[in-house]
Amino acid sequence: MKHIALVPRGTGSGHNMRLYAIARELKKQNNSFEVTAFLESLHDTFSQLFNSIGVKTINVSQDGKNDYSKGSILKKDLNWDSLMNNFLGPTIFNSQKIIMLVRLFTRNKIDLVVSDLDVSAIAAAKICGIQSVLVTERFELPIAKFKKKDLENAGFKVDKSDFIDIHNVAQKTFDWGLDNATKVVTDCPYVDKLDNKLHFKKLLSQEHAVFVGPIIREDTNNFNKDDIRKKLSVKKDDFLIVAAVGGTTMFAEDKQKMQQSFITTFSNIHQINPNTKMVLLARDNLEVPEGIICMSYLPDWYGLLKSCDLVLTHPGWITVTELSSLKIPAIFSISSKREYHEWDELIRLSELGYSTNLGCNSKILTERILELIGNPQKLPNLTAHYSKVAPWSNGAYRVANLINNIIEKGSEEQR
């Protein structure tokens, strides 16, 4: 029996969800595989999901931090200590985690490692002589993408000397992870204007890296829109907006600004059109006006998505791929360029032709949504470019098939 380790990056629910989708496909294709997920963020929530499909989970959180949406990750002073020692070091290339994973991979007799944007897991696999697959929506780390002036304009105070080192180290470390994985898979489409000078372009041309499309759960279509709306006390003819606030935030006040912007936008619209309702996935329990249903988190939200008219959301990439695959009209928004990890994704979406908003300006969002409510025939325009991200929806199947091939090839070579 082959044993596969799944190691999501510990900072966001999206990393967990991609590996959960892959785990489901692995179990479907070959139920003889033993699969273990090594979880950090939202461990309690996701262990239940993984356990329900026969995947064992191990909590590998080292600092007890379970939810990166509950506070600020960075300070306005951007230097080596604030970024590398306190964020990127612990979350993407962590020597303590590498050593711990080497121990756990050896103890559990792991045959293949699947890492979601965690170079620590690739390093541990390399030390153990284990094959590995790196899953990534990034072609480079965002901090290596932006220039010092970009980040200063976003509101950071940047240490010039440290920034040169941060840029170089982040780029070299990430490229090392790409090169040393047995295979790299991505759910992000190549955009020549953004990616033509990156190391990742070479890996795509060599087929060391491959675009697989959305790595999401299978859409079973077992949803009744009327039943879901009835449970939410939403009428059939109401215009239902789902507003989703992101998980990992660089600054807590940016998350709060987004929450308030979505609430204000709804209040503005509701005054003009009382048949508007909103489900707000806020990451917090908030007091909200009548007409809004506030939830802190909803891991299985396909039914809600397919029952709404419009999604107002941060551009977290798993959210982008799910909405693109399901063809749900959406406006992607961030509250500040300081959220540079999502600013990076917003830039890509803009280049791909998606509807975007920078700044979470409630006045602009109100005007845009009221226009859509008044002209519903324009809603399909928001999905016109979704096929660039989702030319197909079976990325998880493609990754599971690739893993099967790697394992079979390794078994043949051992004979």
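Because the model is predicted, local features were taken at pLDDT of at least 70 and side-chain atom pairs only at pLDDT 80 or more, whereas totals for chains, interfaces and linings use all residues. Residues are numbered from 1 along each chain as its sequence is written, and side-chain values rest on heavy atoms, with hydrogens and water left out.

Helices and strands are named as DSSP runs numbered from the N terminus (helices, H or I, of at least four residues; strands, E, of at least two). Two packed helices are described by the angle between their axes and the distance between the axes. Here axes are lines fitted to C-alpha atoms, for helices over the stretch in contact, and angles run from 0 to 180 degrees between N-to-C directions. Angles under 35 degrees count as roughly parallel, over 145 as roughly antiparallel, 65 to 115 as roughly perpendicular, and the rest as oblique.

Helix α1 (residues 13-29) and helix α2 (residues 43-52) have axes that come within 10 Å and cross at roughly 5°, and the two helices are therefore roughly parallel to each other. On the α1 side, Ser13, Asn16, Met17, Leu19, Tyr20 and Ala23 meet Phe46, Leu49, Phe50 and Ser52 of α2, where contact means heavy atoms within 4.5 Å. By class, this contact of α1 with α2 has seven nonpolar, three polar and no charged residues, with Ala, Val, Leu, Ile, Met, Phe, Trp, Tyr, Cys and Pro taken as nonpolar, Asp, Glu, Lys and Arg as charged, and the others, Gly among them, as polar.

Helix α3 (residues 80-92) packs against helix α8 (residues 160-180) at an angle of about 30°, with the axes 10 Å apart, which makes α3 roughly parallel to α8. Trp80, Leu83 and Met84 of α3 make this contact with Asp162, Asp165, Ile166 and Val169 of α8. The residues of the α3 contact with α8 divide into five nonpolar, no polar and two charged.

Helix α14 is mostly covered, as 10 of its 10 residues are buried (buried means under 20% relative accessible area, exposed over 50% and partly exposed in between, with a 1.4 Å probe and protein chains only). The elements that cover the buried residues of α14 include α1, α13 (302-307), β13 (310-313), β14 (330-334) and α15 (340-352). Within α14, Ser325 counts as buried because its relative accessibility is 17%. When residues up to four places away in sequence are not counted, Ser325 touches Pro214, Ile216, Ala390 and Ser393.

Just after α14, Lys327 takes a positive phi of about 60°. Lys327 is placed in the loop between α14 and β14 and, at 55% relative accessibility, counts as exposed. A positive phi, of about 65°, also occurs at Glu207, although Glu207 is not a glycine. Glu207 is found in the loop between α10 (199-205) and β9 (209-211), and its relative accessibility of 60% makes it exposed. In the loop between β2 (34-39) and α2, Glu40 counts as buried, at 9% relative accessibility. Glu40 and Thr11 are 29 residues apart in sequence and 7.6 Å apart in space, C-alpha to C-alpha.

Grid points are joined across faces, edges and corners, and a volume is the space filled by probe spheres set on the points.

The second largest pocket has a volume of about 150 Å³, and its lining includes Glu25, Arg217, Ser325 and Tyr397. The elements that give two or more residues to this lining are α14 (317-326) and α17 (395-414). By class, the pocket lining has four nonpolar, three polar and four charged residues.

The count of cavities of 30 Å³ or more comes to five. The second largest cavity has a volume of about 90 Å³, and among the residues that line it are Glu137, Arg138, Trp317 and Arg348. Helix α15 gives the most to this lining, with three residues, and the lining as a whole has three nonpolar, no polar and eight charged residues.

Terms used:
On a 1 Å grid over the protein atoms alone, a cavity is a set of points where a 1.4 Å probe fits but cannot get out, and a pocket is an open set with protein on both sides within 12 Å along at least five of seven lines; lining residues have an atom within 4 Å of a point.
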